[in-house]
Amino acid sequence: MLSNRFWRGATYGLLLVIIIWQALAWLLKIPIIPPPLAVLTNLIEIFADKMGLHLLYSLGRIIAGISIAILIGVPTGLLMGYFERIDKVLSPLVYFTYPIPKIALLPIIMLLFGLGEGSKLIMIVLIVIFQIIITSRDAVKAIPQDIFRSLQSLGAGRLQMFTEIIIPASLADVLTATRLALGTAVSILFFTETFGTEYGMGYFIMDAWMRVNYLDMYGGIVILSLMGFVLFTVIDITEKRVSAWR
Amino acid sequence: MIEVKDLTVHYYREKEAIPALRQVNINIGTGDIYTFIGPSGCGKSTFLYVLSGILKDYEGSVRIDGRPVDPKSQRIGLILQNYGLLPWKNVYANTMLGLKIKNDQKFLDDHCHALLKQLGIDHLLDRFPKELSGGQQQRVAIARAFMLKPDLLLMDEPFSALDAITREELQEVFLNLWKENNVTTVFITHSVDEALYLGSKIVVFSPSPGRILDVLDNPCFQMENLRSSEKYYDMSMRIRKILNKG
Ligand SMILES: Nc1ncnc2c1ncn2[C@@H]1O[C@H](COP(=O)(O)OP(=O)(O)OP(=O)(O)O)[C@@H](O)[C@H]1O
Ligand SMILES: [Mg+2]
């Protein structure tokens, strides 16, 4: 479980944001900054029948994106780490594409895959996958030779090398990489949800903005932030659990 | 019985061949314990990797009980200087590892529990390696090796990372276990004292590339108050002389 320090930090952070927000609302008295309490009351009112579905869409997209990235990225990275030859072939490719700002690829992805779900998923996968590939590869390379040797001398096969050593050794690092990539993934998600769909928090927020419904818009922003925070925390807890041995 | 005939090993870096062992010939009888001593870099670990089936690229022949080395069918207990424990498994899972890979049993039986007790680690079963002292980690590695009921025990400077007091403690614990189990053992060390205390025969290696300089019968083996006897002093001078001449 997460430490008290984490929760205390999160609570202070939340309080600070609310205080600044409230202060700004009082000082400026303009409709574009409604007071937090009004936003919260409105949120409670609209959440169930106006916003919930949008949240589910966003959540589904991001979870699907991250899962695909893990399902493809982890095996690729592990194989690269274990087999020198695969690494030699794939590394240049990964290093070449890794530093490209993925958002720059968005027009190409849209041209190739259209405006629908496919493009949105591909963008999230592209953001997260390189970090996962590189992290899992490096995690395998960092395993001391002696650990492999003791298993070899027991007559372990390739499969057992993966299940006993390679996967457990890299699991914690993979989760760290996912957690680090999550922030970017959520902002890209927001961006891709502003076109080609009528569902998702990105759509909801932009739509509220167009309708000049600032209460709804702020509610959407709050929920989107909360979603990011919850995902972050879930990964963090899992990470702590699987890396108890460190 | 281990028969090593004309064993020569090279390491290859790019196209350069680095000799590590040259023309090693030795027979080790079943149930014997041989200590191998030699200067750093002379190829002692290399010799052990060949015997344990980790290194397969060599010239000459190595046979264990008349058959070529095969960690899948033979039971080889390997104990390394850095213990070779899996950091993500607790003591219980680490000691079980050999049995799990050999597919022997899913739980510790009475023999295993007695062994853990004898090694004084039966109260540490749910600890991770990082939560143990060096001496305790090495006890876990010893437990893992003996639980296998190995045909062959290979030890690569297992105690050299430990402080003097812990080292002598573990040498005694190990020797007692060895007497009860009577397993053919190759024990590598760089300490003349350890070679004399633990070896029924002592094999002296030349500097790199390693050759066998001499195989000595050890009259001090299993002697009471060994370290204060005259024989101990004589033998230790003899070994030092051979080592110095190279
Ligand atoms: N992977 C490798 N590639 C090239 N040379 C190697 C490799 N591993 C070992 N060597 C060389 O082979 C020789 C024997 O190495 P080895 O590790 O067997 O020595 P050692 O007797 O165990 O030394 P120490 O007492 O320091 O452990 C050394 O000279 C070393 O430099
Ligand atoms: Mg060595």
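This is a predicted model: local features need pLDDT of at least 70, side-chain atom pairs count only at pLDDT 80 or more; totals for chains, interfaces and linings use all residues.
Biologist: Are α2(A) and α7(A) parallel, antiparallel, perpendicular or oblique to each other?

Modeller: Start with the axes of helix α2 (residues 36–82) and helix α7 (residues 158–192) of chain A, which come within 8 Å and cross at roughly 140 degrees. Only angles over 145 count as roughly antiparallel. The pair is therefore oblique.

Biologist: And what is the handedness of the crossing of α2(A) and α7(A), and how do the contact residues divide into nonpolar, polar and charged?

Modeller: The crossing is right-handed. On the α2(A) side the contact includes A:Ile62, A:Ile66 and A:Ile70, and on the α7(A) side A:Phe162, A:Ile166 and A:Val174 are among the partners. Sorted by type, the residues of this contact come out as 16 nonpolar, 3 polar and 2 charged.

Biologist: Over to ligand 1: which residues come nearest?

Modeller: There are 13 residues around ligand 1. The nearest residues are B:Ser40, B:Gly41, B:Lys44, B:Ser45 and B:Thr46.

Biologist: Where is B:Pro209, and what is omega for the cis peptide bond there?

Modeller: Look in the loop between β9 (201–205) and β10 (212–217) of chain B. The cis bond joins B:Ser208 to B:Pro209, with omega about -10 degrees.

Biologist: Which strand holds B:Gln23, and what is its phi?

Modeller: B:Gln23 lies in strand β2 (residues 16–28) of chain B. Phi is positive here, in a residue other than glycine, at near 50 degrees.

How values were computed: Residues are numbered from 1 along each chain as its sequence is written. Chains are lettered from A and ligands numbered from 1 in the order in which they are written. Side-chain values use heavy atoms; hydrogens and water are left out. Axes are lines fitted to C-alpha atoms, for helices over the stretch in contact, and angles run from 0 to 180 degrees between N-to-C directions. Helices (H or I, at least four residues) and strands (E, at least two) are DSSP runs, numbered from the N terminus. Angles under 35 degrees count as roughly parallel, over 145 as roughly antiparallel, 65 to 115 as roughly perpendicular and the rest as oblique. A crossing is left-handed if the near helix is turned anticlockwise from the far one by less than a right angle, and right-handed if clockwise. Contact means heavy atoms within 4.5 Å. Ala, Val, Leu, Ile, Met, Phe, Trp, Tyr, Cys and Pro count as nonpolar, Asp, Glu, Lys and Arg as charged, and the others, Gly among them, as polar. A residue is near a molecule or strand if one of its heavy atoms lies within 4 Å of it.
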